[in-house]
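Please work through the following exercises with the sequence and the model side by side, trying each task before reading its solution.

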Amino acid sequence: MCLRTLLLLCAVVALCRSTVQLTTPRSPPSESTASQAVNHDAPSSPRNTRYKYEIKTLDVRVDHFSFAVQDTFKLRYLINDTWRKTENPPIFFYTGNEGSIEVFAENTGFLWEIAPQFGALVVFAEHRYYGESLPYGNRSFADPQHLGYLTSQQALADYVELIGHLKSQQGYKRSPVIAFGGSYGGMLSAWMRMKYPHVVQGAIAASAPVLQFTGIVECEAFSRIATSDYRAVNPTCPKLIRRAWSTISNVTSNDEGKKWLSDNWKLCEPLKTAEHVKTLKDFLHEVYINLAMVNYPYEADFLAPLPGNPINVFCQHLTNASLTGKPLLSALYRAISVYTNYTGKTSCISMNAAPGLDADQGWDYQTCTEMVLPICTDGINDMFEPAEWNIGDYNNTCFKRYSVSSQPYLVCEQYGCGNFTSASNIVFSNGLLDPWTSGGVLRNLSESVISMLMPDAAHHLDLRATNSKDPYSVLLTRKFHRHSITKWIEEY
């Protein structure tokens with residue numbers, strides 16, 4: 001994880017753009033009871049993808065923590081048993097995050113690459129309320145009564161039930177389980193090991209901002225890291241981005257200016273009102289953050305089709321420190337086109353959302369309830385418009401939207417934030433180009449809770465497929481991942 005981006009995404013600006021999504025739907029509820037836990041072994045044909053897998057479903061409870069609610073739904077997962085060589089092979093289990101699970105399967109090449117070495121069963125589990133794993137089908141987002149079961153705790157319980165089902169199959173009873181995840185999925189893999197150590201033997205938690213919560217980290221840190229990515233390429237670049245905010249306001253202060261910008265930037269939705277201008281600024285904020293997250297050294301299309309080192313290419317258009325007014329905005333349009341139209345196939349820019357993971361309402365709801373990730377900007381130490389973090393205003397907006405109150409301390413109460421003394425067998429990996437490093441674990445917490453830092457890597461680059469342009473720090477991190485997995489399996 002959003003990880004639209006999430007998040008992964010994952011993984012991206014969430015509610016009112018006050019938080020950024022990590023990291024990026026429709027089956028009817030099942031009529032069978034949870035105790036039956038029936039697996040419908042009618043796999044669909046593998047799609048024409050880079051990696052091959054079968055798609056299956058498992059009936060799981062909507063509410064794992066209540067005896068009053070007996071509803072079940074079909075949790076979707078991807079599975080590949082090609083490399084199994086012995087009885088009780090290891091199970092590599094990806095804890096899916098905020099988006100269709102296929103997206104994360106296609107962007108977690110490291111897991112696929114090491115599975116043959118370990119003779120592992122590969123499983124990618126979809127997160128409830130994302131992709132096609134909708135507890136109440138089209139009604140899942142209809143009201144708080146249907147949506148209230150979207151929590152990380154319920155998702156982890158889904159995964160425990162799925163792992164139990166897998167290990168009930170012939171030849172898997174004593175299989176060790178290793179959890180993998182990136183972004184929000186990395187948070188889930190770490191929490192899985194913390195909360196259910198008897199179920200998973202270890203966790204690879206990549207770019208997992210498990211500390212990005214109220215009172216744990218400064219809300220400005222995220223934006224400062226994003227800004228530093230642009231400053232490292234060219235100090236003029238973030239200065240011009242910062243200058244452009246007021247320039248946009250000035251140019252669009254009248255109808256003529258709004259029309260000029262709409263035409264010059266080829267906006268799909270012409271600017272008509274001040275609210276439209278605000279939407280444009282929110283869109284730009286999201287683009288800048290997404291570029292920082294996926295600033296990979298090679299071409300990729302995780303959130304959008306992008307060139308290698310996309311911030312370098314972006315900043316090539318923003319090198320003239322004297323730019324002001326409309327010339328500045330014209331240069332900025334050429335820069336953002338690196339993100340919005342790298343392929344040259346886009347006829348206009350839609351401000352509704354920056355390209356990214358299709359997280360829709362799910363992640364927005366989660367950031368309103370338990371995943372409250374404080375992020376703010378001051379416009380001085382970062383390149384963004386000043387925006388304070390105010391939990392009262394944030395909560396009011398959430399209540400108006402979903403009739404729920406935010407619980408900013410819930411995650412720390414459930415899993416702990418920083419006090420991981422009882423945790424074991426977790427590798428936290430963070431690329432220092434990734435803004436989400438602001439909430440990452442950046443030091444070793446014990447002999448078996450290890451932090452791996454990659455100075456020249458962006459969002460969970462270590463989980464992506466091997467590429468000749470991978471930085472040396474990523475190669476070392478992957479080597480350590482393999483070493484840790486081997487050790488955990490041997491201990492089991």
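**Exercise 1: a disulfide and its handedness**

Determine the handedness of the disulfide of C368 and C398. Solution: the torsion about the S-S bond of C368 and C398 is about -85 degrees, so this disulfide is left-handed. The pair joins distant parts of the chain, with C368 in helix 12 and C398 in helix 13, 30 residues apart. The sulfur atoms of C368 and C398 lie 2.1 Å apart, and a disulfide is here a pair of cysteine sulfur atoms within 2.5 Å. Both C368 and C398 are buried, where buried means under 20% relative accessible area, exposed over 50% and partly exposed in between, with a 1.4 Å probe and protein chains only.

This is a predicted model, in which local features need pLDDT of at least 70 and side-chain atom pairs count only at pLDDT 80 or more, while totals for chains, interfaces and linings use all residues. Residues are numbered from 1 along each chain as its sequence is written, and side-chain values use heavy atoms, with hydrogens and water left out.

**Exercise 2: two further links**

Find where the disulfide partners C237 and C315 lie, and which hand their link has. Solution: the sulfur atoms of C237 and C315 are 2.2 Å apart, and with -80 degrees about the S-S bond the link is left-handed. This pair also links distant parts of the chain, C237 being in helix 7 and C315 in helix 10 (residues 310-315), 78 residues apart. Helices are DSSP runs (H or I, at least four residues), as are strands (E, at least two), and they are numbered from the N terminus.

Now turn to C219 and C376, and state the hand of their link. Solution: with 75 degrees about the S-S bond, the link of C219 and C376 is right-handed. C219 sits in the loop between strand 8 (202-206) and helix 6, and C376 in the loop between helix 12 (360-369) and helix 13 (391-402), 157 residues apart.

**Exercise 3: the surroundings of L328**

Decide whether L328 is buried or exposed, and which residues it touches. Solution: L328, which lies in helix 11 (residues 325-340), is buried, with a relative accessible area of 0%. Leaving aside residues up to four places away in sequence, L328 touches L240, R243, A244, T247, L318 and L323, a contact being heavy atoms within 4.5 Å. The C-alpha atoms of L328 and L318, 10 residues apart along the chain, are separated by 8.3 Å.
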